[in-house]
Amino acid sequence: MNVNQSIPPVPPFGQPQPVYPGYHQSSYSGQSGSTAPTIPYGAYNGPVPGYQQTPPQGISRAPPSSGAPPASTAQAACGQVAYGQFGQGDVQNGPSSAVQMQRLPGSQPFGSPLAPVGNQPAVLQPYGPPPTSAQVTAQLAGMQISSAVAPAPPSSELGYGPPTSLASASGSFPNSGLYGSYPQGQASPVSQAQGHPGIQTPQRSAPSQASSFTPPASGGPRLPSVTGPLLPGQGFGAPSVSQPNHVSSPPPQALPPGTQMTGLLGPPPPMHSPQQPGYQPQQNGSFGSARGPQPNYGSPYPAAPTFGSQPGLPQPLPPKRLDPDAIPSPIQVIEDDRNNRGTEPFVTGVRGQVPPLVTTNFLVKDQGNASPRYIRCTSYNIPCTSDMAKQAQVPLAAVIKPLARLPPDEASPYVVDHGESGPLRCNRCKAYMCPFMQFIEGGRRFQCCFCSCINDVPPQYFQHLDHTGKRVDAYDRPELSLGSYEFLATVDYCKNNKFPSPPAFIFMIDVSYNAIRTGLVRLLCEELKSLLDFLPREGGAEESAIRVGFVTYNKVLHFYNVKSSLAQPQMMVVSDVADMFVPLLDGFLVNVNESRAVITSLLDQIPEMFADTRETETVFVPVIQAGIEALKAAECAGKLFLFHTSLPIAEAPGKLKNRDDRKLINTDKEKTLFQPQTGAYQTLAKECVAQGCCIDLFLFPNQYVDVATLSVVPQLTGGSVYKYACFQVENDQERFLSDLRRNVQKVVAFDAVMRVRTSTGIRAVDFFGAFYMSNTTDVELAGLDGDKTVTVEFKHDDRLNEESGALLQCALLYTSCAGQRRLRIHNLALNCCTQLADLYRNCETDTLINYMAKFAYRGVLNSPVKAVRDTLITQCAQILACYRKNCASPSSAGQLILPECMKLLPVYLNCVLKSDVLQPGAEVTTDDRAYVRQLVTSMDVAETNVFFYPRLLPLTKSPIESTTEPPAVRASEERLSNGDIYLLENGLNLFLWVGASVQQGVVQSLFSVSSFSQITSGLSVLPVLDNPLSKKVQGLIDSLRAQRSRYMKLIVVKQEDKLEMLFKHFLVEDKSLSGGASYVDFLCHMHKEIRQLLS
Amino acid sequence: MATYLEFIQQNEDRDGVRFSWNVWPSSRLEATRMVVPLACLLTPLKERPDLPPVQYEPVLCSRPTCKAVLNPLCQVDYRAKLWACNFCFQRNQFPPAYGGISEVNQPAELMPQFSTIEYMIQRGAQSPLIFLYVVDTCLEEDDLQALKESLQMSLSLLPPDALVGLITFGRMVQVHELSCEGISKSYVFRGTKDLTAKQIQDMLGLTKPAVPMQQARPAQPQEHPFVSSRFLQPLHKIDMNLTDLLGELQRDPWPVTQGKRPLRSTGVALSIAVGLLEGTFPNTGARIMLFTGGPPTQGPGMVVGDELKIPIRSWHDIEKDNARFMKKATKHYEMLANRTAANGHCIDIYACALDQTGLLEMKCCANLTGGYMVMGDSFNTSLFKQTFQRIFTKDFNGDFRMAFGATLDVKTSRELKIAGAIGPCVSLNVKGPCVSENELGVGGTSQWKICGLDPTSTLGIYFEVVNQHNAPIPQGGRGAIQFVTHYQHSSTQRRIRVTTIARNWADAQTQLRHIEAAFDQEAAAVLMARLGVFRAESEEGPDVLRWLDRQLIRLCQKFGQYNKEDPASFRLSDSFSLYPQFMFHLRRSPFLQVFNNSPDESSYYRHHFARQDLTQSLIMIQPILYSYSFHGPPEPVLLDSSSILADRILLMDTFFQIVIYLGETIAQWRKAGYQDMPEYENFRHLLQAPLDDAQEILQARFPMPRYINTEHGGSQARFLLSKVNPSQTHNNLYAWGQETGAPILTDDVSLQVFMDHLKKLAVSSAC
C-alpha cells in the first residue's frame, strides 16, 4: 500500500490526497469524521471494504495532518493542506531524519552517487535515498525489480537521475522513497498520533520499495553498477522503481512519467481499492509495461520446471534464465543498510521504528523502547485487525533475547530497587511499571497501558506531574524513561519464599573408554584447572559466587568430595543408576578458591584413575538426575556441564537404542528421527526446570548418539548442545576449549520465568526456543544466557487501535549468577495500521526468516518434512501475493513484484528450505540434522541470518592495507574466481577456499608452501606467518570467530578438491546436490506460486 | 569315680558336655515322666590345652546315612582290620593307612581318653579370615572418635593376612574401596532402598569377574582373593590406608534438624555387607562387625522413625501391638541373618547408645550366626573398648579365640533321637534317622550351622528317648552320642572335633535312685532355662512362667519325698536341692521378666544366656554374692536381703554387672576417711579386696560387665537390691523383728514364700 500512497503524493499533490484520505480515514476514522472527506469516513466503519470504496471517491489522504501530533483530528483538515503539512511533516522529519538522509546517500552504491547529492539537498531526506538497493536489483533486470513505488519504470530511469533532484524538489517524495520505513521512524515523533498520516504518506510511498522483477531482460551487470539502473531504465523504469528509489523515483516520475502516473492515478481511484491509488502509480510503473520483462517472464517460468534440473551454473541462455545479478542481492541489501544506518545511533524513543539490519553495526540509545538487540519484530507496524493479518499472512512475531550482550558502549539495564514492596505493577494484569503507563489525577493514580486498569500510586512512589502529564521524575527513574531495566525482586518472587543461594556449576565427565582414548578427559581436566578461575561473577565481585562440583561417570557415577579440609579428594561411586541420589552433602559443591588444592589434585588424578578403563557403556539420564539431586540438596539452581561420548546403552533409565535409519528420510516417518526415543527425557527435563537446573551438553560422538533424544533436556532447560563428531585432540582441541571457555565464562541467569504481556488486542500465542512451558503463558527457563533467544508469535484477539498502538512487555524473573533474584523488563511499542501497505513497509525479513525457520524446524517433529516445506512456500507465496494484490500497482501478471522490505524473502526462504533439516544431503547424518534443528531453535536473528545465508568474503580482492572487512560476495560458485581466496562462514563453519590459480606469492605468504598443490587440503590451522596478508587473514578469522557464540573451526578447501563438495554445500544461491533449488530457480518458482494465488 | 559330681566335672573338662541326666531312663514313657528332658550343654570348642590336634583325617563309617567317626566306643577287630560303628553297627574296613593297627598300637581316636579328639584337615584352600567393619557415622563427635580409635587399634590385633573391609553408613551407605592410591574411593548406596544380593553385587561390580571365573573353573580358588580385592584387602597391604581412612571418617554430614533423629541406614548397610561377602567369599570364615550408635531410622530394617517425639518401642508398645516397624524390621534382619548363616559368615553387633538401638529387631543377626552382641552406653567407655579388645584375645597357642563356619553334626545310638538345639546356631535341615519329630528349640535336623563360635560358645542339645517301654535295654547297655564339629580354625585350617560320649541306661522303675543321683541340677536348670527363654521369644511372658512352674512342680512331685497333703514333710535329695532355688531366681531374671528392661536389654541378656557355658549361665540365673568383712576371709553368702549388712562389703556378680556395695557402716567409715589413716590400714585392705576380685572378673569376662561401685543408700544400689531374694520387705520387716539385713521395697514373693507354695503344690494331689 505504501507504495501506492507514495506515488500519489508525488505527482499532483492534490490528487494524491484523495487517495490518502481514504487511508487516513480508515485509520483515523473517528477523528476524521468531521472532516470534509466525510463520505469516505462513513465508509470507514467497515474496515477494509470501506477503504476501497473511499478511494474511489478520491478522497485525499488527509493524513497529512501529520503536522500536529494529535494530528488525527487536525488531519481531518484536508488533503492539500495536509500536503502542505506533509511537506512540513517532511521537514520535521527532515530534522529528525537527518540521520536518514545520511543513510540515503549511503544506501546504495549507485544511489549514492546520484542520490546523495540530490537527496540531501532535498529536505526530503530519507526518501530520496532509499531507492538505491531496490533499484539496483531492478536493474538487474533479470527480473526486473521494480520498486513498488514503481514509479513508472520510466521514472526509474529518470528516477535515478531525477530522484535526487526530484526528490529535492518534491521534498515529500523523497520520503516516499525506498525506505519508507525509515521515514516513519523519523516521522514517528509526529506521527504517533497521526503524524503518521503526513509522514506516513511519504513513507507509504516508500513502501513502494517493493521490487518487481521482470524476467531478465538482458543480463544486467551487477548491482553496483549504478549504471545498471540506467540500463534498466531503458528496459524499464522498473528497476529504478523497484528500489526505494521509487520513492525518489516517484517524484521524479511525477515529473517525467508524471504523465503516466497521473494517468494512472486517475484511474486508480476508480477501480482499485484505496491502495490502488498508490499502486497504480507504481504500476504506472506500468512496470507492467516493463514490457520486456514480461515476456521474459514467461520464459522464466518455463524455466521453472527446469528448475530442479538446472545446473547451478549461471547460464548463458538468457531467455531461460534470469540473470542472477538482476535479482535482489542480500549482499547489496546488507551493504546498503550498513552504509545508510550504521553511522547514526538508533534512538528507540519513537514507536514502531524499524531498526537497522542485524548485519549493520549501530549504536542504540534507549529512550523508552527496548533495544533491537533485545527484541526484534517481524513487523513494526501491525495490522489493526485479525482479518488484515490473515490476509497478509505475515506472521507477527518478536524475537526476544532478554539477556543479550551489549556492546561496551551501550549501558546495560539499570537496576531499580523498589524496596520491600517490590516492583510496582498493575493490579489487574500484573504488568510492571514502564514508560507507557499513564499517570493521572495529578499523579495519584496511573492507568495501565496494557489492560487500562486504573491503579493507585503507592504513597512512597508518588510524584507530581508536569504540565504535559509526565511525572517530573520521569527521567530519574529508569522504569519511567527506558525501554529496558531491571527490578530487584523481593522474597515474594523467590522459590519457597526464600532468597536463592548462589548457583552451582557441576561438571559431569564421561570417563568411558571412548572419552579416555580420544584424550578428551585429560584435555578437559587440564583445562578446567585454569578455567575455574573465570567463572562468571557479577558486577565488580572479586570472586565468583558460583560453587562447583565434579562427577565422572560411565556405567556408574563417581562423585567427588573436594572439601577444602581434605588432603585428597574422595571419590564416591553410586552404581544405583535406577534410583539416583547424591551421596554427599558437604564437599560436593565447593568454592573454587577455598578448595583449589583438592580440586587440582582431583583433576590431576581423574585421567590417571580411568586410564585403563575398559568400560564402554554409559548412562545419561541418571547423570542428570544426579545433578538435579545435588542442586536440590544444596537448595540452589545451577548448570550441569555434561561431556558425553556415546549412546547411553547401559541398563538404566533413559537407556537408548540405535534407531538411526536413513531409509526413513522423505517418508512420513521421518519425523520420528527428530523425536526423542522415550518420554523419560521430557520428564527429566521437567524436573530440571523445577529445580532450576540447566544442562549444557558437549557431545563427542564417534557414531550415532541420538542427538534428537539427548538434546531434549538441554533444549528444555535453556541449555546448549555442542557436538564434536569424531573428536580428536589434535584437530578439535581448539574448538572445544574455546567453546567451553566461552560457555563457562558467560553470564547466565538461572531459574528464570519469562512472561510476555501485550496490550489488549494481541496476545502471545506461541513460543519457540530452548525452554519449557507448563502452561500457555509462562516461559520457564532453568537457565538462560546472552545467546539464547525466544521467539514469540502473536495473534489478534481483538481490534487494535492505530492511535495507541500495540505494546509488548517482556518480563524475565531470574536468579543472577551471584544469587540475586531480579526482574528484567523490556518494553516495546509498535504501530498499528489499517493499511496493508504499512505492514509491508515495516517488516523485517531477517526476523521473519528467523521465525519461519523456527516454525518449520518445530514442524518437522510432527509433520513430514515435505509438508513443512510446502507450508513455508505457500505462506511465503501468500505473503507476497497479498502484497502484489493489495499494495502493488497493477502490472502484468508476468511481473514479480516484491515489497522492498521483503525482497530478500525468497532467497532467504530458499536457504531455509535447502537447509540440512528440511532437505538433507546424503552426507548429512541424522544426528547432524537433529543438532542443527535444536541449534536454530534458540538462534537470534543475526545468527539465523548468517546461518542460512553464509558470508563469503574474498580475501585477496581488496588491498592488503584496508583494515575493514572485505565486502562480501554472494554465495554462489560463479562469484568465486579461481585466482582468489575466500573465507566462508555461517556461524558454525568456517572455510577457506583457495582458487586453483591463486598467485604463488599469496600461497606462500598464507600457507608457507610454494605452490597450490602443496597446500594440505582440510588443514584447520593456518601457519602464523609474519607478513601482512597472513596477519590480515588471521585477524579476519579471529574477528569472525569473535562475532559468533561458537568457535568456528577452520577448514581449508582447495578448488577441485574432494572437500570442495562440502564447501559448495554452503553456496546457497546455487543448486544444491541434495536437490535444493538455486536462487534463480526458486524465484521463478515463487513467482509461479504467486501467480497461481493471484489468479 | 567317687561321686557323680566328680564324674560330671571330669566329663565337662574332657568333653565340654554336661548332661541333665547322667544315667538315662531307658524308655520313652519314663523319660517323659522325668520332666526335665534328656539334654546336654555342649561346648564344642572347649579349650583343651592338653589336646593337640591330630594331623590326619577321621575315619568315617561307610554307611552313607551314618558317617559316624571312629571312636573309642567302637568295637574293633584288630585282626580283620574291621571296626563296627557303634551307632549303626555297620562293619567297616580300616583304611590302608591303618594297616599296622593292633591292640597295642592304637590310633589316638581309639583310646578312651580321646573321647574328644580334634582332626586337622589339610585339604582345600585355606582362605584368610575376613573382617568387615560396618560403622555407623551418626555418632557424637567424641563417640565417633573413640570408635575410630578402637577400630584402628583392632587393626593391630588382627592377623596380618586377614582380609579387611570397611562399610560406613549414616543416611547413605558407603562401601570403601581399600586398594586405591591417592584418592579414596567408595561406593555409595541409598539408605532407603532394599537391594537384592544380585543388585548389590552388580553395583559393586562384583559380578563381572565371575564370568571369566566360570570359564576357568579350576583356577577358581586362586582367583578368589582377587575378585573382591577392591573392598576386602589383606590387612598388611592396606594397613596404613585403612588407618588413615578410619582417621578421616567424619560424622554423617547430613543435617539433622531439631527434634529429629539422624537418618541411619543400618538395615541397608548390613544388607550390603552380607551381599558383599556373599558374592565374594561364600563359605569362608568372615565376621561382619556392626558398630551402631542408635536405632535404624530409615529404609528396610528401620526400627523407629526419625521424629524424636515418637519414642522407640517399649515392651508396653509391643504388648499393645503398637510397634509399627518391629515386624517388618525383624523380618528384614532375619532374612539377612539366614543368608549370612547360609554363607557361613557371622555378624557381630556392637551397639552403644543411651537409648535403645533396635537390638530386639537385630538380635537374630547375632543369634543365628553366632556373632557377638555388645551393648553399652557409649563407644567412649572402657566397657566397649575392652570388650572389643577382648574379641581379639588369643589362646595358649597364640590363636584367636574364634572359629568360623562350623557345622555341628550329632549322631545318636538308636534308642535316642535328637529333638533340637538351643544356642547360636541355625538348622541345616538335615533329616536323618536320628531326628525326632518332637522339637525342642531348633529341631528337625541333626546338623546345625554355627557360623561364629569361641571356646565358650555352648549349645543346649535336647534328646528324646525313643526306646519303647516294652523293649528293655539289656543291663549295662549304654547309649552313645557323637558330636562332630567341622569348623574353620582361626589359623584358617579346617578342623574337625569329635566328641563321643556314652551313658548308662537304667530302668526308671527299678533304678530310679540311680537316675536321681545322676541328675545334674545345674545343667538341668540351665537347660530348662534355655527352653524357657526360647519359649519366651515367641510366647507371652506369663505363659512361660506358668510352664516353668508346672515343670518344677511336676519334678518335685516326681522326685520329692513327702507325705501327701503334708507340705512340711516335703524333702528333696541333694541332687535336686538347689534346683527350685535356681528356678526361683530364673523367674525373677531379666531373661523372663521384661519389667524394667527395654526390649533391647531383654534381647541382649537372652542373647548371652543362649550362648554362655554352664558356669556363666548359672551366674546369670542366680548371681553370686560375696561378702567381705573384718570377721574373716571373703565368703559367698546367700543372695538374700539378709546378707546386706551394715558392716559388710558385698560383691555381686550377675555376669552383666559387677556390683560392689558398701554397707552403711563401711560407707560411713570410708566417708570419714579411715582408709587413709595408717592405723586403719586394715580397713583400706578391706576396701581394696573386693575391688581386686572384681578386677579379676572384669579381666576375664566377655563381654565386659558393667562395673558398679556403690554404697548403702546409693542410687546404684538398686542393682543389688533388685537381685537379692527379698526375704525382708517393708511388709514383713517388723514381723521378722531382726536388725540384720536390709528391707527391700517390693511386692515380689521371697524365696521362702515361693518354696512354701511349691511344697504345698507338690504334695497336693490335685495336680
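**Reading interfaces and buried residues in a predicted model**

Modeller: The side chains of Asp579(A) and Lys193(B) form a salt bridge, 3.9 Å from N to O. A salt bridge here is a side-chain nitrogen of Lys or Arg within 4 Å of a carboxyl oxygen of Asp or Glu. This is a predicted model, in which local features need pLDDT of at least 70 and side-chain atom pairs count only at pLDDT 80 or more, while totals for chains, interfaces and linings use all residues. Residues are numbered from 1 along each chain as its sequence is written, chains are lettered from A and ligands numbered from 1 in the order in which they are written, and side-chain values use heavy atoms, with hydrogens and water left out.

Biologist: How many salt bridges are counted between chain A and chain B, and how many residue pairs are in polar contact?

Modeller: The count is 3 salt bridges between chain A and chain B. A polar contact is a pair of N or O atoms within 3.5 Å; within protein, one must be able to donate a hydrogen and the other to accept it, and residues adjacent in sequence count only if both atoms are side-chain atoms. By that rule 9 residue pairs are in polar contact across this interface, both residues at pLDDT 80 or more. On the side of chain A that touches chain B, two elements give two or more residues, β15 (570-574) and α25 (596-609). The largest share, 5 residues, comes from β15(A). Helices (H or I, at least four residues) and strands (E, at least two) are DSSP runs, numbered from the N terminus.

Biologist: Which residue classes make up the side of chain A that touches chain B?

Modeller: Ala, Val, Leu, Ile, Met, Phe, Trp, Tyr, Cys and Pro count as nonpolar, Asp, Glu, Lys and Arg as charged, and the others, Gly among them, as polar. The chain A side has 16 nonpolar, 4 polar and 5 charged residues.

Biologist: What area do chain A and chain B bury between them?

Modeller: The size of an interface is often given as the accessible area lost when the parts come together. Buried area is that loss for two parts, found with a 1.4 Å probe and summed over both. Chain A and chain B bury about 1900 Å², 57% of it on carbon and sulfur atoms.

Biologist: What is buried between domain 1 and domain 4 of chain A?

Modeller: Domain bounds come from an automatic or database domain assignment; domain 1 spans 330-365 and domain 4 spans 844-948 + 1075-1094. These two domains bury about 660 Å² between them, 76% of it on carbon and sulfur atoms. In domain 1, Pro330(A), Val333(A) and Val358(A) lose the most area to domain 4, together 64% of what that side buries. The domain 1 side divides into 7 nonpolar, 1 polar and no charged residues.

Biologist: Is His796(A) buried or exposed?

Modeller: Buried means under 20% relative accessible area, exposed over 50%, partly exposed in between (1.4 Å probe, protein chains only). His796(A) has a relative accessible area of 13%, so it is buried. His796(A) lies in strand β23 (residues 790-796). A polar atom of its side chain lies 2.7 Å from the backbone oxygen of Pro383(A).

Biologist: Where is Cys693(A) found?

Modeller: Cys693(A) is in strand β18 (residues 693-699) of chain A. Cys693(A) counts as buried because its relative accessibility is 0%. Its C-alpha atom is 5.5 Å from that of Ala637(A), 56 residues apart along the chain. Contact means heavy atoms within 4.5 Å; beyond four places in sequence, the contacts of Cys693(A) include Cys688(A), Thr717(A) and Ala782(A).
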